[in-house]
Amino acid sequence: MATTAPSSDQNPEVENGEESEVHVFSSAAELLEKLQDKWRSVKPQPYPAMYSSVFGGIILDPALMVIPMDDHMVHRGHGVFDTAIILGGHLYELDVHLTRFLKSASKAKIVSPFPKSTLRSILIQLAAASQCRKGTLRYWLSAGPGDFLLSPAGCPKSAFYAIVIDEDFEQCKEGVKVITSTIPMKTPLFATMKNVNYMPNVLSKMEAEEQGDFASIWVDEEGYIAEGPNVNVGFITHDKELILPEFDKILRGCTAARLLELAPKLVEQHRLKSVRTDNLTIEEAKNAAEMMYIGSTLPVLPIIAWDEKPIGDGKVGELTMALSDLVWEDMVAGPKTRRIPVPYV
Ligand SMILES: Cc1ncc(COP(=O)(O)O)c(C=O)c1O
């Protein structure tokens, strides 16, 4: 792959072959002016609003959407995160995501600075302030700022950050190709907790992209299918059974959980025979009739080839798309308990 040499703006020392004098900002105003100048040229602005418990409010100026360097999440990875999508001015499955978020925090021994109801209220107010009607909401709980040591004992207060990202996404209809990941999987403690240490996930995604494929599949030490780098995975057998890997060693995806609730509709219509979670070997999985990734913005992405071999007939699966329609419909017009209206002002 071709690489571009850094411009002198990015790395003057490399370009000039000699040390250049590092600028010292004389005032906060000078730095702010520079940051705001940078953001002025970014159109459209992708981050309409951020919340920081460190600042104690919502920030609309992207130049100030920052977190402290001595936050333990920054330099030790001691933080957890979660998401929710904003679609048609509603927050989809926010409560389910928040429940998982607080479970992750508890496993990471991070005590939230606010109760769940306050976190929820902040996120809804943030979505309203953002004016965003289609995008993603991402939020983090961190051990908080304090020092640069390993122990968080010197961090007096945990921190909550959240950001809205204006993002366009549609129901996925094209199939993608995947590979088996060679990057070691996280152990169950870390895989079941949505913590900020995504290095294996990043490398696993990059590995697939380097081969011209979309993403990868993790297979555990016993040879059972696990998940993708930021998605769950599902299979339809030739007997029309929908099978998702057990969630004991992987992240319990909110989309996968909702899919498992909705899929029995296809059983009632006699299109699927059954719906279950089970351990699948790589051989069983590769012999599936259909295969899919499952995750928040997809919500279901058909997989048509794995390690260069077609899945089923190598075309987008009919039942995969029927499942995708069920979840997409739920996201767009599902029950009110699943879709929180954003009170835009
Ligand atoms: C490792 C991993 N597995 C699965 C998922 C899918 O989860 P969800 O459906 O909640 O987006 C994600 C998404 O963040 C993930 O990071």
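## Terms and model

A helix here is a DSSP run of H or I with at least four residues, and helices are numbered from the N terminus. The model is predicted.

## The chain as a whole

The chain has eleven helices and 15 strands. Its radius of gyration is 22 Å, while the globule rule gives 20 Å for 345 residues. The two values are close, so the chain is as compact as a globular protein of that length.

Along the principal axes, the C-alpha atoms fill a box of roughly 70 × 50 × 40 Å.

## Helices α4 and α5

Helix α4 covers residues 94–107, and helix α5 covers residues 116–130. They pack at an angle of about 130°, and their axes are 11 Å apart. Because of that angle, α4 is oblique to α5. The crossing of the two helices is right-handed.

Which residues make the contact? From α4 come L94, L98 and L102. From α5 come K116, L119, R120 and L123. Five residues of this contact are nonpolar and two are charged, with no polar ones.

The loop between α4 and α5 holds K109. Phi of K109 is near 60°. That is a positive value in a residue other than glycine.

## Cis peptide bonds

Where does a cis peptide bond join a lysine to a proline? K43 and P44 are joined in this way, with omega about -5°. P44 sits in a loop. That loop runs between helix α2 (28–40) and strand β1 (49–52).

A cis peptide bond also joins L298 and P299. Here omega is about -25°. P299 lies in the loop between strands β12 (290–294) and β13 (300–306).

Methods:
Residues are numbered from 1 along each chain as its sequence is written. This is a predicted model: local features need pLDDT of at least 70, side-chain atom pairs count only at pLDDT 80 or more; totals for chains, interfaces and linings use all residues. Axes are lines fitted to C-alpha atoms, for helices over the stretch in contact, and angles run from 0 to 180 degrees between N-to-C directions. Angles under 35 degrees count as roughly parallel, over 145 as roughly antiparallel, 65 to 115 as roughly perpendicular and the rest as oblique. A crossing is left-handed if the near helix is turned anticlockwise from the far one by less than a right angle, and right-handed if clockwise. Two residues are in contact if their C-beta atoms, placed from the backbone, lie within 7 Å. Ala, Val, Leu, Ile, Met, Phe, Trp, Tyr, Cys and Pro count as nonpolar, Asp, Glu, Lys and Arg as charged, and the others, Gly among them, as polar. The radius of gyration is taken over C-alpha atoms; the globule rule is 2.2 Å times the number of residues to the power 0.38.
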